Each structure stands twice: as C-alpha cells, then as structure tokens.
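Here is my note on the entry you asked me to look over, written so that you can follow it with the structure open beside you. Please take the points in order.

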Amino acid sequence: MLDIKYVRENKEKVEENIRKKFQEEKLPLVEEVIELDKKIRELKAKGDTLRQERNATSDEIGALFREKKVDEANTKKQRVVEINNQLETIEKEENELSEELKSKMMVIPNIMDDSVPIGKDDSENVEIEKFGEPVVPDYEIPYHADICEALNGLDKESAGRTSGNGFYYLMGDIARLHSAMLSYARDFMIDKGFNYCVPPFMIRSDVVTGVMSFAEMDAMMYKIENEDLYLIGTSEHSMIGKFKGQIVKEEELPIALTSYSPCFRKEVGSHGLEERGLYRVHQFEKQEMVVLCKPEEAMDWYNKMWQFTVEFFRSLDVPVRTLECCSGDLADLKVKSCDVEAWSPRQKKYFEVGSCSTLGDAQARRLGIRAKGENGNYLVSTLNNTVAASPRGMIAVIENNVNEDGSVKIPKALQPYMGGKETIKVK
RNA sequence: GGAGAAAUACCCAAGUCUGGUUGAAGGGACCGGUCUUGAAAACCGGGAGGUCGGAAACGGCGCGGGGGUUCGAAUCCCUCUUUCUCCGCCA
C-alpha cells in the first residue's frame, strides 16, 4: 500500500510501475484515487469547520447555563442541531469515499526496486546465481514419498483416514530428520544473531485482515469454529501482527527475529502430480526470519537474508540457486523478492524451498508499524524470508542424499540432531 | 467457564459518583539554566504525546477499541479486548 501523498506527487512513477508489472487495467485507478483524495480532503475541511463551530457553540451553551440564561442557551442548541444534521451527511459521504479510496489503494502495487527484472509472469523470473554443483547420479532417484515409505518413514494412507488428503504421518527416522532440520535451522539463525521466538499459532480476524487480502484469506486460512480465531499460514502472520499499531524505539532497530511455527494452509485448488507426496500439504513447520529495520537499511538486510538461506542449504550439501521474481510475478505489496530453490536430482530441475522479500514500508503503512526517531515517527521497513520449511526442505535433503539402495545419508550438520546417526537405512 | 476490580499522555497518577470553567491536576523521567573544577543534589524555567487537513495561521480527532445518549462525554449507556484477584478446569 502506497502513501496517497506519494501517489499525488508521483503520478507518473506510479503509472510506470503499473505498466512494468503488466497491469494496464489498473492504470485508471491512479487518476481515480487522486480525485477521491481531493474530494475527501474537501469534505474533511468542510466537516472540520462545522465541528469547530459546534465545539465553540457548545462551550457557549455551557457558559450560558452557568449564568442561568436558559432561553439564550436553548436558541443556540437549535444551531448545533442544524450543524449535526449537516455533519451527518458529510461524514457519511466522507466515510464512503474513504472506503472506496482504501480499497483502490490496496490494489495499486508497491513501487518496485529499480533492479527488479521486467517480465510478464513466472516463466520470466531470472536465475541470479547457482551455489553448488547440481549432481544427477547415474541411478534413478525415486519419488520422495516412495523413498520415505520404503524407509517406513511416511504413512499417508492413515493420515488420509484421520484427516484427509494433504496430511501425513512422519515416522521414525524421517520424522526425526524433519525435526532435526527445523532445530538446526533454529540454531543456525540464533548463531546469526536473530532473536528466537515461538509465536501464537492462532490469530484473530483483525490481525488476519491486516496481514493479507480477503482473497488470500479465503484461499489459505483455516478458521476455528465458534471462535474469532484462525490458524496461521506462516509465523510471519503472528510476527508482523505483534507490531501492529506499535511505535518501536529507534534504538531497538533493527529487530531481527527468527520464529518457529507450524503452518496451516487450505491450498484451495487442484495441483499437479509433482505436488502429491509431501510437497504441497495442509500442515508443515517452518523456521522463518522477520526483520524490521530503518528504510535505508532494508536492501542490505534483503541481501543478507537470502544469503543466510543459501548458506543454510549449502551446509546441508544441497545445491541451490536464487531466482529473482520478475515484475509481473512480484506480489503487489513487495519491493523485491527472490526464491531460494533447491536442486532436485529426480526432476533435474530446481524447486522452491524458500522466499525472501522486502516490502519497503507498504506493510508497515497498512498495519501502522512505526519507529520513534529524533525527527518524529516514521514507518519501518519489513522483510521476511524462509530459513527452512519442512517437509518440503526435507525433500531436498532426501533427494540429494539418497543412495542407490534407498538408504539416505544424513548431512553432517544434522547428525547431532539425529543422535549421531549417519544414515537412515532400509529396514 | 463463573464472580469481582481495573484500563487516562514516555512512566506513575488525579478527575468518573454530581457531563460544560479538564485539550486533561500532581509527580517522575526529559530538555534548558543557576550553583559546581566536573557531576550529583537543590533551586529556577520549559515543553504534553500521536494523527489528519492546511503553504501557514490555525483547526479536526484522540482519556483501551467500537457504537450510543446529549447542544456538549474521560465522566452516562451498550459492546468488545486486555490486565489483576478469587473459584472451577487442565498439559
């Protein structure tokens, strides 16, 4: 969400940004929003003048009553009644126009960073850099769910009976590998100086609508029956919600947090064959990073953050690459974003295991997250990135470490979290 | 889940019964000064946060959130949230 003042003063830039995102249909919105803003300010000025008169007149009435001049006071009351009638109309119109303005402003995309590559959709996302050699062994890599089942590590059938499609039982060493990865991710980020945090796994509707659009909410969030509570889709929801409407002290910035949570997603819609198994599920666990910082530090943090994820996967010997989101694929709220993708020796391509974004002040404006600086308050910049999400991240570890006989080597970094075990062996 | 009490500005806190002179007493912290080699203490002075409109002057809103009554609400009514105390329940 942009600042309406910015739109007013930088109409061309806003329009150019929309064109770069191939959203020409949104171009008229810019003019409409400027027009609405003008009308609203006029109404506000009118209303303020009336309110001023009402306040003054009410004070006079109070004074007259004290002087026992009841008749005079009653005459003045009439005037205030008139004012209130006028105000009612003005306020109604002002509220309606404000709602309209807000809903239009929500749709106008945030100004992208100049470095974002121009492209229509995800097919034009740009590979930035590869890390590690993508190895394809001379034996065939089975589907990850089959590997796990062969190791007695996965039971989707029972999960289907208890909970339905999109759920799973992880068993034995596979379950342990899953937990190991998350614990390692947690410690990895703590070592990088991030503050570890376990947030609420359910949030109220006002927080949900603060952090996402209604469309997203419907497609993602599970609601608790008879409660004003939703299961979080990512800890970012609770972590950003934590700061909603808050003014943080400037000296506390940057706030670098790493949060663990289970994540629940409806994943409405049908998904391809590649997404059966443990790739796209209703429930997973994630170690996340969330940073609030001064605007001028946001880009440095962005670059640090995706590099942490790359470093994390490289420490598990998983080849990765970074894929920069092009203008057409970049979500409207984001300034810049890239995915960290892990190598799949089975598919012989990379697949997404994390996503790093800087939102500039858009999220902070929407939620009212400010910092108290020497020259007044300002909106902070917010960033978020995945350290590791499992089971998905675990798929990458398994596929890149599976032996021809179906056993899986455990990366050195995870062995301490697996009781020193080096291999998950076929039974 | 039940019963009570509370929420006022950066912090503490008065005001709420009895609506208007409270755009919010009084402290503390803060800033400036006197004194001091410097600091502390003491004393003197200062400014009340946030946000919206406005070039500015100035004005609107704001006493946990939302709604209502009234010419006028921190104050009365409804509702929600949070905190505390007690009871119940429970890893």
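The points below go from the domains to the helices, then to the RNA strand and the sheets.

1. Please keep in mind throughout that this is a predicted model. The domain assignment of chain A gives two ranges, with domain 1 covering 4-107 and domain 2 covering 122-424. When the centres of domain 1 and domain 2 are taken over C-alpha atoms, 43 Å separate them.

2. Two helices deserve a careful look, namely helix 3 (27-66) and helix 4 (70-107). The axes of helix 3 and helix 4 are 8 Å apart, and the two helices pack at an angle of about 160 degrees. Because angles over 145 degrees count as roughly antiparallel, helix 3 is described as roughly antiparallel to helix 4. Sorted by class, the residues in the contact of helix 3 with helix 4 are 19 nonpolar, five polar and 18 charged. The crossing of these two helices, helix 3 and helix 4, is left-handed.

3. Which residues come nearest to RNA strand B? Of the 18 residues around RNA strand B, the nearest are S58, I61, G62, V80 and N377. The elements that give two or more residues to this surface are helix 3, helix 4 and strand 15 (376-379), and helix 3 gives the most, with 11 residues. By class, the surface near RNA strand B holds five nonpolar, seven polar and six charged residues.

4. Turning to the sheets, you will find an open sheet of three strands in the order 5-7-6, with antiparallel pairing. Strand 5 (202-203) and strand 6 (222-223) stand at the edges and have a single partner strand each, so one side of each is left without a neighbour in the sheet. Strand 5 pairs with strand 7 (residues 230-231) in the antiparallel sense over two bridges, and M202 has L231 in strand 7 as its bridge partner.

5. Strand 14 and strand 15, by contrast, run antiparallel and are joined by four bridges, and here R370 has L379 in strand 15 as its bridge partner.

Technical notes: Residues numbered from 1 in each chain as written. Chains lettered and ligands numbered in written order. Predicted model: local features only at pLDDT ≥ 70, side-chain atom pairs only at ≥ 80, totals over all residues. Near = placed C-beta within 6 Å. Nonpolar A, V, L, I, M, F, W, Y, C, P; charged D, E, K, R; others polar. Pairing = 2+ DSSP bridges. Domains from an automatic or database assignment. Axes fitted to C-alpha atoms, helices over the stretch in contact; angles between N-to-C directions. Parallel < 35°, antiparallel > 145°, perpendicular 65-115°, else oblique. Left-handed = near helix turned anticlockwise from the far one by under 90°.
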